Amino acid sequence: MSSFSLRDGMELGSASAAAQIEGGEVEHNWMDWQRRGHIKDGSSPARANDHYNRWQEDDQLMADMGMRIARIGVEWARIEPQEGKFDQSAVNHYVAEVRWLKKHKIKPLVTLHHFTNPMWFEEMGAFEKRGNVQYFMRFVTKMVQAFGKDVTEYITINEPNVYAMLGYYFGWWPPGKKRFRKAMHVMSVLTVAHVQAYQLIHALQKGIGIAGTHVSYAMNMQVFEPENPHKFKHRLLAYVAERFFQASIAKAMTLGVFRWPIRNLGKIKNGLYCDFIALNYYSRVTMASMQSGTRKGVPVNDLGWEIYPQGIVECLRFLMQLHPLPIYITENGTCDNGDAFRCRFLFDHLQTLCKSGLPVKRYYHWCFIDNFEWLEGESARFGLVHVDYKTQKRTVKRSGEFYSQIIKQNGVTEEMYREYVEPQQYKINAK
Ligand code: FCB
């Protein structure tokens, strides 16, 4: 079938994170990581999209493309550049942006923590220490009070599993540590941070008479498969990776149910600690060792990640079986530097979602605009809008046009399929 309609009431928008788009010399752990020479192409988050100054141009473009929802981030290191000293102009900046969005009929979903820590927090051990959670809570209080009724949807922490594994087990991301036990400990501390933030946000909103605030954490999930299903070792590795990377932490953060290796460091009771399922989905991986791989002959993006649309539903089924809730796809997208297959990617993933019968309410494409992609820097383009980093000129890509049409048409028609999707093919993994 080459056409489909969006589910009733399903809304489409895009997602971003402050440090990846804003630019500026902001004292956070990723600026520090860049200064230490870790970014593959030598680029810096200090440039990015200069969104901190150009946000109105970007948000206007979003509105013109027909988006009615947007996931945006706030940068803790700007808001609290020194411990306990808040910069009111930064707070006001974000308040102005969410008000602008609302005025233009775009509903904001705000992410409070998306990989970056202010350097003072990083230096005191960040989420390695249970005792540091209080600093995050103070920041959350500040922002939720500042936004008040203007924001009624929050993501507490983005991809706690990715933050912990890449920063504390693989050591590729700041702070570059390589200890498995530490990574698991960080996940346990992040669970406390999420649960406390969940409760705090609800209490603060209730305190000022705002009902109907929705809070969750954004879970990164992958499909893990044994490279060779006939090999016991590969099957075991797939099981272990799935459990360590995502299953245990999802259970703890969603339900307050703890199983090894996640520990209950906050006397958290069994309960329900999210109001919607927030899934960030990109890919499927195979396991034959402790590092994941990609099967030969499968479609891949420009970073070599397998394109596996069915996986989005497989991951959702896991989360739905923990607890059935409305579904927000808080990130899904692909690195396609030439915008050569993003339309097909969009079609395949949206169609799979719409035909799954699952209650998918929101889809936030990653990302609105090409941006600073962590270790890859500026060399990995995920945007619906192209940026020329030298001139900062924005140009809507063909995939951006297609996305905008999907929103306006409430789905993909046969005609749109023929125009945007049919001519595109995925690259195949030859390795
Ligand atoms: C996710 C991150 C997001 C972006 C995409 C490509 O894991 O949450 O910031 O880097 O990957």
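**View 1. Cys315, a buried cysteine in a predicted model.** Cys315 is buried in this predicted model, where its relative accessible area is 3%. The model as a whole contains zero disulfides, and for Cys315 the nearest cysteine sulfur, which belongs to Cys274, is 15 Å away. A pair of cysteine sulfur atoms has to be within 2.5 Å to be counted as a disulfide, so Cys315 is in no disulfide.

**View 2. Cys367 and the cysteine closest to it, Cys335****.** Cys367 is likewise a buried residue, with a relative accessible area of 0%. The closest cysteine sulfur to that of Cys367 is found in Cys335, and because the two sulfur atoms are 12 Å apart, they are too far from each other for a bond. In general terms, such a bond would be a covalent one, joining the sulfur atoms of two cysteines.

**View 3. The kink in helix H10****.** Helix H10, which covers residues 232–255, has a kink of about 50 degrees, and this kink is centred on Arg243. Just after H10 comes Gly256, a residue that takes a positive phi of about 65 degrees.

**View 4. A nonpolar patch on the surface, formed by Phe232, Leu236 and Tyr239****.** Together, Phe232, Leu236 and Tyr239 have about 340 Å² of accessible area, and they form a nonpolar patch on the surface of the model. One of these residues, Tyr239, is found in helix H10.

Notes: Residues are numbered from 1 along each chain as its sequence is written. This is a predicted model: local features need pLDDT of at least 70, side-chain atom pairs count only at pLDDT 80 or more; totals for chains, interfaces and linings use all residues. Side-chain values use heavy atoms; hydrogens and water are left out. The bend at a residue is the angle between axes fitted to the seven residues ending there and the seven starting there. Helices (H or I, at least four residues) and strands (E, at least two) are DSSP runs, numbered from the N terminus. Patches are made of residues with over 30% relative accessible area and no salt bridge: like charges are joined within 9 Å, nonpolar side chains (Val, Leu, Ile, Met, Phe, Trp, Tyr) within 5 Å. Accessible areas come from the Shrake-Rupley method with a 1.4 Å probe; for residues, only the protein chains shown count as cover. A salt bridge is a side-chain nitrogen of Lys or Arg within 4 Å of a carboxyl oxygen of Asp or Glu. Buried means under 20% relative accessible area, exposed over 50%, partly exposed in between (1.4 Å probe, protein chains only).
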